[in-house]
Amino acid sequence: MADVNRGNRPLSPHASIYRWPISAILSILHRITGSALSVSGILVVWWFLAAATSSDYFATVDGFLTSWFGGLILILSAWGLWFHFCNGIRHLFWDLGYGFGVEEVTQSSYLAIGISVILTIITILIA
Amino acid sequence: MSYKTDYGRVMGLGSAKDGTHHFWVQRLTAVALVILTPLFVLPLAYNIGDSFEAVRAAYSHPVNAIIASLFILTAFYHLKLGLQVVIEDYIHGKGTRTVAIVVMNLACALVGFTGLFAVAKIAFSA
């Protein structure tokens, strides 16, 4: 074996200790929030269906959604939706050819997170 | 090297056979949702937790009912397009992937049209 240093060489990028750029975190978060919003969509449709069915059935669904667990899911859903909304607008700008600079991408990453948190707080205050 | 003419390539629409249709409709629904999401979600947040009568009264109003219907239709179509890409990226094997996409499509249609029906029933009966 010519390679005496085998096993001791630096490997790059080492996936488990690699520090993700903010843009990479947002990219996977867009996919995660988008997929997770299926659950939120089902809950909202369940609520509408209950309101269309009977007051007894509505009480059951309303009881779940206003419980601490239901509330937690709704708050997470609100943030997931607003994040996907803000990051989606970022994607639409990219589709038009704007905002591809490294600095711009980093700035719009933090902007998307900041605005999504503000919109979530507004949503909670309305509720 | 391809011996296809430009015309033939266009008519074949690439390996997916539908050209940029999926990409385009994903963006079209995204733009619609930029407008519809605040209009739907803010009143929804206001109404969740309200009484049966109050919720029915709110969504029997044409503006709320129309926005809710448009949102549900557009959002579930956008969800279907997005979940299809996720499945195509992570599920390998032609059979499993095809089954997953078919099941996902049927589920999106089921939940989406249930939502549309529910909103319509409230709007027309309350």
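This is a predicted model: local features need pLDDT of at least 70, side-chain atom pairs count only at pLDDT 80 or more; totals for chains, interfaces and linings use all residues.

Colleague: How many residues of chain A are in contact with chain B?

Modeller: 28 residues of chain A are in contact with 29 residues of chain B.

Colleague: Which elements of chain A give two or more residues to that side?

Modeller: They are α1 (22–53), α2 (55–65), α3 (68–95) and α4 (102–126) of chain A. The largest share comes from α1(A), with 14 residues.

Colleague: And what is that side of chain A like by class?

Modeller: It has 18 nonpolar, eight polar and two charged residues.

Colleague: Switching to chain B. How many helices and strands are there?

Modeller: Chain B has five helices and zero strands. From the N terminus on, the order is α-α-α-α-α. Of its 126 residues, 21% count as buried.

Colleague: What about contacts along chain B, for residues at least 6 apart in sequence?

Modeller: Of those contacts, 74% join residues at least 24 apart.

Colleague: Let's take helix α5 of chain B. What should its 32 residues span?

Modeller: Helix α5(B) covers residues 94–125, and at 1.5 Å a residue it should span 46 Å. Its end C-alpha atoms are 46 Å apart, so the two agree.

Colleague: Which residues of α5(B) are buried?

Modeller: They are Cys108(B), Val111(B), Gly112(B), Gly115(B), Ala118(B), Val119(B) and Ile122(B). What covers them includes α1 of chain A, along with α3 (52–59) and α4 (62–90) of chain B.

Colleague: Now the largest nonpolar core. Which of its 38 residues touch the most other members?

Modeller: Those are Phe48(A), Ala51(A), Trp82(A), Ala118(B) and Val119(B). At least two core residues come from each of α1, α3 and α4 of chain A, and from each of α2 (21–47), α3, α4 and α5 of chain B. The largest share, ten residues, is from α1(A).

Colleague: Leaving aside neighbours within four places in sequence, what is Phe48(A) in contact with?

Modeller: Phe48(A) is in contact with Gly115(B), Ala118(B) and Val119(B).

Colleague: Last one. Where is Ala36(A)?

Modeller: Ala36(A) is in helix α1 of chain A.

Colleague: Why does Ala36(A) count as partly exposed?

Modeller: Because Ala36(A) has 16 C-beta neighbours inside 10 Å. A buried residue needs 20 or more, and an exposed one has 12 or fewer.

Colleague: And how are Ala36(A) and Ser77(A) placed?

Modeller: They are 41 residues apart along the chain, and their C-alpha atoms are separated by 8.1 Å.

Notes: Residues are numbered from 1 along each chain as its sequence is written. Chains are lettered from A and ligands numbered from 1 in the order in which they are written. Two residues are in contact if their C-beta atoms, placed from the backbone, lie within 7 Å. Helices (H or I, at least four residues) and strands (E, at least two) are DSSP runs, numbered from the N terminus. Ala, Val, Leu, Ile, Met, Phe, Trp, Tyr, Cys and Pro count as nonpolar, Asp, Glu, Lys and Arg as charged, and the others, Gly among them, as polar. The expected span of a helix is 1.5 Å times one less than its number of residues. A nonpolar core is a set of buried Ala, Val, Leu, Ile, Met, Phe, Trp, Tyr and Cys residues joined through C-beta atoms within 7 Å.
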